[in-house]
Amino acid sequence: RAVAMSVSHSSRLNKLVREQYMRLPQDGRVQVTYVWIDGSGEGVRCKTRTLDKEPKSIEDVPEWNFDGSSTAQAEGSNSDMFLVPVCMFRDPFCLDPNKLVLCEVLKYNRKPAETNLRHTCKKVMDLVKDSHPWFGMEQEYTLLGVNGHPYGWPDNGFPGPQGPYYCGVGADKVYGRDIVESHYKACLYAGVKICGTNAEVMPSQWEFQVGPCEGIEMGDHLWMARFILHRVCEDFGVVATLDPKPMTGNWNGAGCHTNYSTEEMRREGGLKHIEAAIEKLSKRHDYHICVYDPRGGRDNCRRLTGHHETSNIFEFSAGVANRGASIRIPRQVGQDGYGYFEDRRPAANCDPYAVTEAIMRTTVLNETGVETKDYAAH
C-alpha cells in the first residue's frame with residue numbers, strides 16, 4: 001500500500017493499451033520532440049511536432065517557438081521564444097524514425113535567453129578546440145515518491161545508516177533499479193554517450209556517468225541524459241531530483257563530479273600540465289563555486305560541508321585519491337604520470353555548460369579573478 005501511494009496516478013494506466021497504438025505505422029512521417037532548458041536553469045521542457053520525412057542531420061530540423069511566459073522566460077506581452085535545434089538523438093520512447101532534438105533558446109531579439117548557457121560555452125569551446133578538452137561527468141540523483149519522500153524509505157523514520165547501499169545488491173539495499181536500467185538502455189538507444197551507472201551511498205540515490213565527450217558535446221549529452229531520466233521516471237510514476245542535499249542530516253549529498261583533461265594532460269609527462277591546471281583553479285575558487293550550481297553557490301553550501309566525501313566550500317584543496325578534496329587526482333594518474341583529474345565541487349543540479357566553460361576559461365584561457373572575458377568583442 002505504501003509503495004502504491006507514492007507513485008503517480010498516470011503510471012498506473014494500462015500500458016498494454018498504449019502499446020497497441022505505439023505499433024501503428026506512421027506512413028513516412030516523423031515525430032520530433034524539441035527539448036529545452038526552462039527559466040529555472042534546471043528544469044527541462046518539451047513539445048512535439050510532425051515532419052514529413054526523417055531528418056538526417058540537425059540542419060533538417062526547422063526552428064520552432066514556444067510561449068516563454070509559461071516557462072519563466074518571458075512576459076506575456078512579448079512571449080514568443082525561438083527554439084534553435086543544436087543536437088539530435090534517436091527517440092527511445094516513440095522509437096525510430098522519431099527524434100529527440102536538444103535546442104538553444106533565443107529571445108524575441110535573437111539574443112540568448114538568460115538560462116541559455118550553451119551559447120557562450122560554444123564560443124569558448126571553439127576558441128580552445130586545439131587543446132581537445134575531454135570531459136566525463138558523474139550525475140548523482142535521488143529517486144523520490146510523488147509525495148517527496150525518498151523512494152523505498154520507510155513511511156515513518158529512516159532506513160539503516162549508510163554503508164551497505166553504495167554499489168549495493170539486494171531488495172533491502174537498493175530501491176528503483178528498474179528505473180536505472182531502463183534509463184541506461186534508453187540513453188544507449190538514443191545515442192547519448194552514457195558510460196556507466198551505480199547505486200550511491202544514500203539509499204535511493206543513484207549515479208550515471210556520461211563521457212568522454214569533447215567540448216560542447218559534454219553539455220549536450222548530459223542535458224539529454226537528464227531529460228531521458230525524467231521521462232523514464234514519469235513512466236514509472238516517481239520523481240528524480242537533482243537537489244544537492246535532498247535529505248538533511250547524516251546523509252550524503254548529490255554532486256556532478258567532473259573529470260577533465262586536455263590532449264597534453266593525456267600524453268606522457270602530462271602530470272605537470274595537470275598540476276599547472278590545478279594551480280590555476282586554486283586561485284579562482286570563488287568564481288568556480290559561483291557557477292557550479294544555479295544559485296551562485298547557495299545550493300552547494302548545503303552539500304560542501306567537509307563531511308560526507310566533500311571538501312569545505314570555503315577552502316580549495318587537491319590530493320591524490322582524496323575524495324574529501326576539491327580536486328582529486330586518481331591514484332592511477334599519479335602512478336602513470338599522465339591522464340586526467342576530477343573536480344568534485346559541481347553540484348548535482350549544475351549546468352554542465354557553465355561548469356565546462358568555467359574550467360576552460362581558467363585552465364586554458366588563463367582567466368583570473370571573478371570577471372569573465374567577452375571573447376566576441378575581441
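How many salt bridges are counted between domain 1 and domain 2? The count is 1. This tour works towards that pair and then moves beyond it.

**Before you start**

This is a predicted model: local features need pLDDT of at least 70, side-chain atom pairs count only at pLDDT 80 or more, and totals for chains, interfaces and linings use all residues. Residues are numbered from 1 along each chain as its sequence is written, and side-chain values use heavy atoms, with hydrogens and water left out.

**Stop 1: the two domains**

Colour 9-115 as domain 1 and 125-364 as domain 2. These bounds come from an automatic or database domain assignment. The domain centres, taken over C-alpha atoms, are 26 Å apart. Now select the contact (heavy atoms within 4.5 Å). Domain 1 gives 22 residues to it and domain 2 gives 23 residues.

**Stop 2: the open sheet**

Select the strands in the order E2-E1-E5-E4-E3. These 5 strands make an open sheet with mixed pairing. Strands (E, at least two residues) and helices (H or I, at least four residues) are DSSP runs, numbered from the N terminus. Two strands pair if DSSP finds at least two bridges between them.

Look at the edges. E2 (44-51) and E3 (64-67) each have a single partner strand, so one side of each is left without a neighbour in the sheet. On average, neighbouring strands of the sheet are turned by 40° against each other, direction ignored. Axes here are lines fitted to C-alpha atoms, for helices over the stretch in contact; angles run from 0 to 180 degrees between N-to-C directions.

Next, show E4 (residues 80-90) and E5 (residues 99-106). They run antiparallel, joined by 8 bridges. Click Cys87: its bridge partner in E5 is Leu102.

H5 lies across E1 (30-37), E2, E4 and E5, and runs at about 115° to E5.

**Stop 3: the loop between E4 and E5**

Most residues other than glycine have a negative phi, and most peptide bonds are trans. Select Leu95, in the loop between E4 and E5. Its phi is near 70°, a positive value in a residue other than glycine. Then select Pro97, which lies in the loop between E4 and E5. The peptide bond from Asp96 to Pro97 is cis, with omega near 5°.

**Stop 4: the domain interface**

Show the surfaces of both domains. Between them they bury about 1,900 Å², 69% of it on carbon and sulfur atoms. Buried area is the accessible area (1.4 Å probe) that two parts lose on being put together, summed over both. In domain 1, pick Glu42, Phe89 and Phe93: they lose the most area to domain 2, together 33% of what that side buries.

The interface has 5 residue pairs in polar contact, both residues at pLDDT 80 or more. A polar contact is a pair of N or O atoms within 3.5 Å; within protein, one must be able to donate a hydrogen and the other to accept it, and residues adjacent in sequence count only if both atoms are side-chain atoms. Helix H2 (15-22), E1, E2, E4 and E5 each supply at least two residues of the side of domain 1 that touches domain 2.

**Stop 5: Glu42 and Arg295**

Zoom in on Arg295. It forms a salt bridge with Glu42, the closest N and O atoms being 2.8 Å apart. The rule asks for a side-chain nitrogen of Lys or Arg within 4 Å of a carboxyl oxygen of Asp or Glu. By this rule the count comes to 25 salt bridges. Back to the pair: the salt bridge of Glu42 and Arg295 is 2.8 Å, N to O. Glu42 sits in the loop between E1 and E2, and Arg295 in the loop between H8 (285-291) and H9 (298-301), so the pair ties together parts that are 253 residues apart in sequence.

**Stop 6: the hairpin of E7 and E8**

Finish at E7 (residues 194-199), which runs antiparallel to E8 with 5 bridges joining the two. Thr197 has Phe208 as its bridge partner in E8. Ser204, in this hairpin, takes a positive phi near 75°. Last, select Pro212 in E8 (residues 205-214). The peptide bond from Gly211 to Pro212 is cis, with omega near -5°.
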